[in-house]
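Here are a few exercises to work through with the model open beside you. Try each task before reading its solution.

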Amino acid sequence: MTHDQAQILMDKLDDLLEAERDALLAGKIDRIAPLIEDKDRVVGALNALETPPNGLDLLHGKLDRNQTLLNGALIGIKRVATRIATLRRIRETLETYDSDGKRRTIQGEVVRKVEKRA
């Protein structure tokens, strides 16, 4: 592979990394999966080179930056899921304390009733 082809691959990877960063910062998580697939293809092509091209350090730094952003997004998603589960539990039960200071759980009554009118 020529130097020009290697540079084209590196430029493509740089563009993908910037697009991934922009999507993460904007909260557009649905755009990440296609970018990861494209990144995998470009990285595979770069790994197939006989000699690694110069300038990979900058791309490596961007890869690390995006990995940090991805990890942060994952932590945020997990926290939201935990909060939603907590809100569901609160909606279905009431936890309180009795006069002795013991914890007491009161199960909520979920009434699901459909009334059909003509």
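**Ground rules and the core**

The largest nonpolar core has eleven residues: Ala6, Leu9, Met10, Leu13, Leu16, Leu17, Leu35, Val42, Leu46, Leu49 and Leu59. Such a core is a set of buried (under 20% relative accessible area, 1.4 Å probe, protein chains only) Ala, Val, Leu, Ile, Met, Phe, Trp, Tyr and Cys residues joined through side-chain atoms within 4.5 Å. This is a predicted model, where local features need pLDDT of at least 70 and side-chain atom pairs count only at pLDDT 80 or more, while totals for chains, interfaces and linings use all residues. Residues are numbered from 1 along each chain as its sequence is written, and side-chain values use heavy atoms, leaving out hydrogens and water.

**Exercise 1.** Find which helix gives the most to this core.

*Solution.* Start with helices H1 (3–26) and H2 (32–47), each supplying at least two core residues; helices are DSSP runs of H or I, at least four residues, numbered from the N terminus. Then count: H1 gives the most, with six residues.

**Exercise 2.** Work out how glutamate 18 pairs with lysine 62.

*Solution.* First, their side chains meet in a salt bridge at 3.0 Å, N to O (a Lys or Arg side-chain nitrogen within 4 Å of an Asp or Glu carboxyl oxygen). Next, glutamate 18 lies in helix H1 and lysine 62 in helix H3 (residues 56–92), so the pair ties together parts 44 residues apart in sequence. Finally, Asp14, Glu18, Lys62 and Arg65 are linked in a network of salt bridges.

Terms used
Buried < 20%, exposed > 50% of the residue type's maximum accessible area, 1.4 Å probe, protein only.
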